[in-house]
Amino acid sequence: MEKAADIEAAVAALKRGGLVIMPTETVYGLAADAGDARAVAAVYAAKGRPAFNPLIAHVADVATARRIARFDERAERLAAAFWPGPLTLVLPVEDDALVCDLARAGLDTVAVRSPAHLVAHALLEAFGGPLVAPSANRSGRPSPTTYADAVEETGPAAAAALDGGPCAIGLESTVVALIDEARLLRPGSVTRSQIEALIGPLLEAEADARRSPGRLSRHYAPSLPLRLNATEPRTDEVWLGFGPHGGSGFNLSPEGDLAEAAANLFAYLRAADRSQGAAGISVAPIPDTGLGEAINDRLRRAAGFVG
Ligand code: TXA
Ligand code: MG
């Protein structure tokens, strides 16, 4: 775990406009001062990310989030239940200086989340303001869930990197928009039914790409083609199994546990992608219930099926 001196050095780097690799409970992020447009531009450049895809402002607590975004009754209820934790709220922007225009991709809305990871929390407290932090991968690649993967992806662009161990959850946060009707923009480990129990039915993301900019088709993608819902691998494929199965290859969770499968997903996609001589990756069916909705969402994107 990181020492106070490392946090101090990371804060100093952020204050100078530098980027910092930050562990969270979901995936590793590439953090920058949310109010510093030059630093935010450097994040987009490091990721090779299309500038129309806005970033999440990470905060230490709800009080800071309320200065950035306008909280309604639904937002208060969700934050009280799930923060700190893997839930991002998209809300009307309150103070557009704290999270610069570029970070919001020019929208009048802003995404906020308070991460549960101790190192992320210590960094946010010490920095004293919001940090944007997209997943620390280059755009279109699987999100890093270990320190080594994060450093491999965007380390050269970072002024400092904090090691928080492997990410406990392994999938990016659930994203819910509360602009008018509540909409699920990205499924995650806070599940649809957990949210609906508190604020009622969630609509799907709008087809309007400006409102749901994260829903790009090919995303989280390894370089080998993915074949989903496979019953068994073809001879030239690497197998990504789920549940009891005799064959070789990788198994997301031999016990068929969805939380374990989520935590392993991106690291195993990366490992399968590195297999010598393979022509593709075949993936066993994953049940679509609970956390399975988020896992299947990421798999469909990795396979290029979501438009
Ligand atoms: O778990 C996570 O959320 C990780 C960790 C590092 O915190 N971060 C992450 O950030 O996944 P990123 O940038 O890879 O994903 C942010 C998502 C994108 O799908 C983006 O389109 C959406 O949030 N988003 C951000 N601001 C938005 C807004 N104003 N309206 C709609 N969607 C927004
Ligand atoms: Mg990402």
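Student: How far does a polar side-chain atom of Thr109 lie from a nitrogen atom of ligand 1?

Tutor: This is a predicted model, where local features need pLDDT of at least 70 and side-chain atom pairs count only at pLDDT 80 or more, while totals for chains, interfaces and linings use all residues. Residues are numbered from 1 along each chain as its sequence is written, chains are lettered from A and ligands numbered from 1 in the order in which they are written, and side-chain values use heavy atoms, leaving out hydrogens and water. The Thr109 atom and the ligand 1 nitrogen are separated by 2.9 Å.

Student: Which residue has a side-chain N or O atom 2.6 Å from an oxygen atom of ligand 1?

Tutor: Around ligand 1 there are 25 residues, each with a heavy atom within 4 Å of the ligand. Those that come nearest are Thr26, Asn53, His58, Thr109 and Ser173. The 2.6 Å distance belongs to Asn53.

Student: Is α4 oblique or roughly parallel to α7?

Tutor: Helices here are DSSP runs (H or I, at least four residues). The axes of α4 (residues 73-82) and α7 (residues 192-199) are 10 Å apart, at an angle of about 130°. Angles under 35 degrees count as roughly parallel, over 145 as roughly antiparallel, 65 to 115 as roughly perpendicular and the rest as oblique. The angle therefore makes α4, relative to α7, oblique.

Student: Which residue is 102 residues from Ser189 in sequence?

Tutor: Ser189 sits in the loop between β9 (182-186) and α7. Its contacts (heavy atoms within 4.5 Å) include Pro86 and Gln194. At 5.5 Å from Ser189, C-alpha to C-alpha, is Leu291.

Methods
Axes are lines fitted to C-alpha atoms, for helices over the stretch in contact, and angles run from 0 to 180 degrees between N-to-C directions. Helices (H or I, at least four residues) and strands (E, at least two) are DSSP runs, numbered from the N terminus. A polar contact is a pair of N or O atoms within 3.5 Å; within protein, one must be able to donate a hydrogen and the other to accept it, and residues adjacent in sequence count only if both atoms are side-chain atoms. Lists of a residue's contacts leave out its neighbours within four places in sequence.
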